[in-house]
Amino acid sequence: MSARSRLCILLAALVAFTTGASAPVAAQSPPRVPHTAVMDGARLQQTKVRLDHGDPQLRRAVRALTVRADRWLDQGPWTVVDKPRPAPGGDIHDYLSQAPYWWPSQPPTSDNPWGCPYVQRDGERNPEVDTGTDRQDVERTFDSAYDLSLAWYYTGDKRYAEKAGQVLRTWFLDPATRMNPNLNHAQFIPCKYDGRAIGIIDFSQSYTSVLDALALLATGAPGWTATDRVGMTKWNAEFLDWLKNSDFGKQEAAATNNHGTFYDMQLAGLAYATGDKDLARRTVLDARSKRIAPQIAADGSQPQELTRTRSWHYSTFDLVAYTRLAAIGRHVGVNLWAYQGPDGQSLFKAVDYLLPAATGAAAWPHPELEFHRYAATDVVHAAADAGDKRAQKAVPLLQEPPGGDLWALRPAAEQLDSIAG
């Protein structure tokens, strides 16, 4: 700062002192643009600037966000090594989860402690999956890292950054507690399978939020070091390699329902975050004929998701993956929203199909064990932002999710009624 500038500030301060006005402060540098994989980093920066200038709507949203973040401050960190027994391979660093909709068919006995054989009950979650595996802990790790990183970015409160760093280092980086970068034992079924390809969705449904959390922390978060950044880039590159080349990864890539959509979304997000923009672009481009055309009908319905007992949940769930994949596409020059299949299939039509139920104008006409209107709120926001006029008109009629509508702060769809399966 020049001597003349310092003199001007001193004179202004003197005037403020004599008049009772608040003394001016030197202008702050604008926040750095985060290199996010899903969210629009430039939009986040603009939102932060608006917040710093006192935007009342954003201040209300930040209060709701910090309520969420505050709850994580005295929880965790979590690790894969503290489950009661290791994954079937015997390595305590391997992730383990259990198939959520499979149940024992016999009472457990000393000769048959699991109650095998297991049978499937679609849409009914077996409470066993939340004990003895890593499933709930990985969800807490992902959710807390995301909430805390966003809270730090918007408030500058170092407590949030330091807690997010602790959570991420414990799960991914610390040699004593880190997870191996594979999902070889995800969604195992006792007495049947040691792991299954569809278990990849344990990560694919929300790991791209961790990628964005890492990008937020990389803008200068206290305690998040260059060593941490290098370590997470290495972990992500190894996980991406497993996702592309393992038998499980190849099977999930071939899935034709929401599993395939989420696989593509995770693959593209990891590729973009680790610098392989060509793979990210190819994945988004391929999703047009590989996903949208065969999975979305001409009227916008998603026939495979409508067969589920939770058809509303899975219809919104699949669109979470599509809208996030479209957001990744924006970073690599692909407008997935503009694509129309041979029968007119498109993401706009798929979202518009949900609007009567999402706005409360009509009942959802398909099977649903537990209907929550707000489950569609984020995907409607995404379509509205992408230019869908019907969705834009619907936004004021949407139901606010529990904990508040945070779209203005984190414009990327989440599954708001998640049943973790």
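How many nonpolar, polar and charged residues does the lining of the largest pocket have? By class there are 12 nonpolar, 9 polar and 11 charged residues, where Ala, Val, Leu, Ile, Met, Phe, Trp, Tyr, Cys and Pro count as nonpolar, Asp, Glu, Lys and Arg as charged, and the others, Gly among them, as polar. Before we go on, note that this is a predicted model, in which local features need pLDDT of at least 70, side-chain atom pairs count only at pLDDT 80 or more, and totals for chains, interfaces and linings use all residues. Residues are numbered from 1 along each chain as its sequence is written, and side-chain values use heavy atoms, with hydrogens and water left out.

Let us turn to the disulfide, defined as a pair of cysteine sulfur atoms within 2.5 Å. The count comes to 1: Cys116 is joined to Cys191, with an S to S distance of 2.0 Å. The torsion about their S-S bond is about 70°, so the disulfide is right-handed. This pair links distant parts of the chain, 75 residues apart. Cys116 counts as buried at 12% relative accessibility, whereas Cys191 is exposed, with a relative accessible area of 60%; buried means under 20% relative accessible area, exposed over 50%, and partly exposed in between (1.4 Å probe, protein chains only).

Now follow helix α13, residues 311–331; helices are DSSP runs of H or I, at least four residues, numbered from the N terminus. Of its 21 residues, 19 are buried. Just after α13, Gly333 takes a positive phi of about 80°.

Key: Helices (H or I, at least four residues) and strands (E, at least two) are DSSP runs, numbered from the N terminus. The expected span of a helix is 1.5 Å times one less than its number of residues.
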